[in-house]
Amino acid sequence: MNVKQKTIKNEVSVKGVGLHTGANVTLTFCPAPENHGFKFQRIDISGAPIIDADCDNVTDTARGTTITQNGASVSTVEHVMASLVGMDLDNVLMKLDGPETPIMDGSAIQFLDALELAGVQLQSVDREYFQIPHNITYTEPDRKVEIVAMPLDDYRFTCMIDYNSPVLGSQHAGISSIAEFKKEIASCRTFCFLHELEYQLQNNLIKGGDLNNAIVIVDKEVTKDELDHLAKIFNRSEIEVAPQGILNNMELRYQNEPARHKLLDMIGDLALVGVHLKGHIMAARPGHAANVAFAKKIKAAIKKEKNKKVHHVYDTTVKPLYDIVQIMDILPHRQPFLFIDKILELSKTHVVGVKNVTMNEEFFKGHFPGAPVFPGVIQIEAMAQTGGILVLSTVPDPKNYLTLFLKIDNVRFRAQVSPGDTIVFRCDLMEPIRRGIAQMKGVGMVGGKVVVEAEMMAQIVKVKENETT
């Protein structure tokens, strides 16, 4: 059974302070169309630039995960991203009026509560999953970091942390399904060691830090004067060390809350892969840098799997996603140079189109009229038009854009195509679209047999509206 994409029904906002910047910010979750994915928008900057929530856009992992694109950045995105995955969403635009998401209570629960308040809206397009095909591993021997993703028809996590701390010790946390996120993980707060807190305070690195949004683990001998100094900084009457070895600013929600929070961070960072995953993720001593490096490794595996010559046989009799009239609303081509008849599938990274080859096409009058063969150059053009649907789906007003060829590589014609055949074209992005440049791998099939394949590079070009009509 196919799972449909989901967004939220209504806009909803949360307000708070950025942990590192101290800025008061408002984060507004907004409904988004199918195949939109997760994106941030800096509405406080001229032009309101968009930042895709993608691991390829990560620019800093020192004290949280920062993404940068189009001249703008958003810091500490991991808790917000985890809440989106925990809510099983696909498409949300997050408008932010500052450089960092609000820290709230240091967990993801307030983001998740807001999203539940907004409600979930089912959409018409199928969700795309990447099912881990084999063990994918990442290690950092010097830091004893080990992460592995294993095949599983669900999304399961196991996490272990060990800081060589007699107070914290070695901790484990896990969930058997992402459906357990809200109950078991969402409310688990970030933590730090007392020596880290002192360093960050001395260097003005946590301008929005407060004892309400972090568990502070006391990992050294501390005097009454030091505790009084911390109480003064955080405007408390007094601060003591609780029996659990943490500052008495709060009680632990779970005995292994730090390990559960590391799992939360990992879920948020791996959401930057950009597609729903199916697999069992096991991690020892993870951190933001390792999580992002692992996310990139999964993205590389996705690209490799897409390039394998294992092709699905499509049912061309099902109701299309776009019929010929809807295609003409997107593409500027018209007969006799419109070479696709319908679109069966469309996601953020792939498209499937259909061309019915009939004898009454104009070119058959002169192209081997005694033994009609569908011209190879027309096959490539039809493939490119299919890819054009994918590329133009990324802009809000496709009628005002063209996709122009820049390069065609590795073209192979593997079998003859004749009148009466139906070609199914599938085009997959080989990497994210950057600066308006799209690179696609295209395959054309008759039945389950590959008849043509090529790699194409195209550029999205904006034109005046009256030039495309």
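Two strands are said to pair if DSSP finds at least two bridges between them. Helices (H or I, at least four residues) and strands (E, at least two) are themselves DSSP runs, numbered from the N terminus. In strand E7, the bridge partner of Val58 is Ile67. Two bridges join strand E6 to strand E7, residues 66–69, and these strands run antiparallel.

The structure is a predicted model, in which local features need pLDDT of at least 70 and side-chain atom pairs count only at pLDDT 80 or more, while totals for chains, interfaces and linings use all residues. Residues are numbered from 1 along each chain as its sequence is written, and side-chain values use heavy atoms, with hydrogens and water left out.

The pairing of E6 with E7 belongs to an open sheet of three strands, with the order E6-E7-E8 and antiparallel pairing. Its edge strands are E6 (58–60) and E8 (72–74), each of which pairs on one side only. From one strand to the next, the twist averages 40°; here axes are lines fitted to C-alpha atoms, for helices over the stretch in contact, and angles run from 0 to 180 degrees between N-to-C directions. Asn70 lies in the loop between E7 and E8. Although Asn70 is not a glycine, it has a positive phi of about 55°. Most residues other than glycine have a negative phi, and most peptide bonds are trans. Asn70 is exposed, with a relative accessible area of 57%; buried means under 20% relative accessible area, exposed over 50%, and partly exposed in between (1.4 Å probe, protein chains only).

Lys144 also has a positive phi, of about 60°, without being a glycine. This residue is located in the loop between strand E12 (136–140) and strand E13 (145–150), and at 55% relative accessibility Lys144 counts as exposed. A cis peptide bond runs from Gln335 to Pro336, with omega near 10°. Pro336 is placed in the loop between helix H8 (324–328) and strand E19 (342–346).

The view may now widen to the protein chain. Its secondary structure comes to nine helices and 24 strands. Of the 469 residues in the protein chain, buried residues make up 52%. Contact means heavy atoms within 4.5 Å; among contacts in the protein chain between residues at least 6 apart in sequence, 71% join residues at least 24 apart.

Two further strand pairings can be followed. Strand E1 (residues 4–8) is mostly covered, with four of its five residues buried. Four bridges join E1 to strand E10 (residues 120–126), and the two run antiparallel; Lys6 stands opposite Leu122 in E10. Strand E14 (residues 155–162) pairs with strand E15 over six bridges in the antiparallel sense, and the partner of Phe157 in E15 is Ile175. Strand E15 (residues 170–175) has a covered face formed by Gln171, Ala173 and Ile175, and an uncovered one formed by Ser170, His172 and Gly174. In a regular strand the side chains alternate between the two faces of the sheet.

The interior comes next. A nonpolar core is a set of buried Ala, Val, Leu, Ile, Met, Phe, Trp, Tyr and Cys residues joined through side-chain atoms within 4.5 Å. The largest such core has 76 residues, and those with the most contacts inside it are Phe29, Phe40 and Phe181. Helix H7 (residues 288–307) gives the most to this core, with seven residues. The core draws at least three residues from each of domain 1 (4–187 + 257–306) and domain 2 (191–252), where domain bounds come from an automatic or database domain assignment. Apart from this core lies another, of 36 residues, among them Leu346, Met383, Ile389 and Ile423.

Phe181 touches several residues, including Ala82, Leu112, Leu264 and Ile267, not counting residues up to four places away in sequence. Helix H6 covers residues 257–270. All 14 of the 14 residues of H6 are buried, so this helix is largely enclosed by the rest of the structure. At 1.5 Å a residue, the 14 residues of H6 should span 20 Å, and its end C-alpha atoms are 20 Å apart, which agrees; the expected span of a helix is 1.5 Å times one less than its number of residues.

Cys188 is found in the loop between helix H3 (181–184) and strand E16 (191–193). At 0% relative accessibility, Cys188 counts as buried. Among the residues that Cys188 touches are Gly106, Tyr254, Glu257, Arg260 and Leu264, not counting residues up to four places away in sequence. Cys188 and Asn256 are 68 residues apart in sequence and 9.2 Å apart in space, C-alpha to C-alpha.
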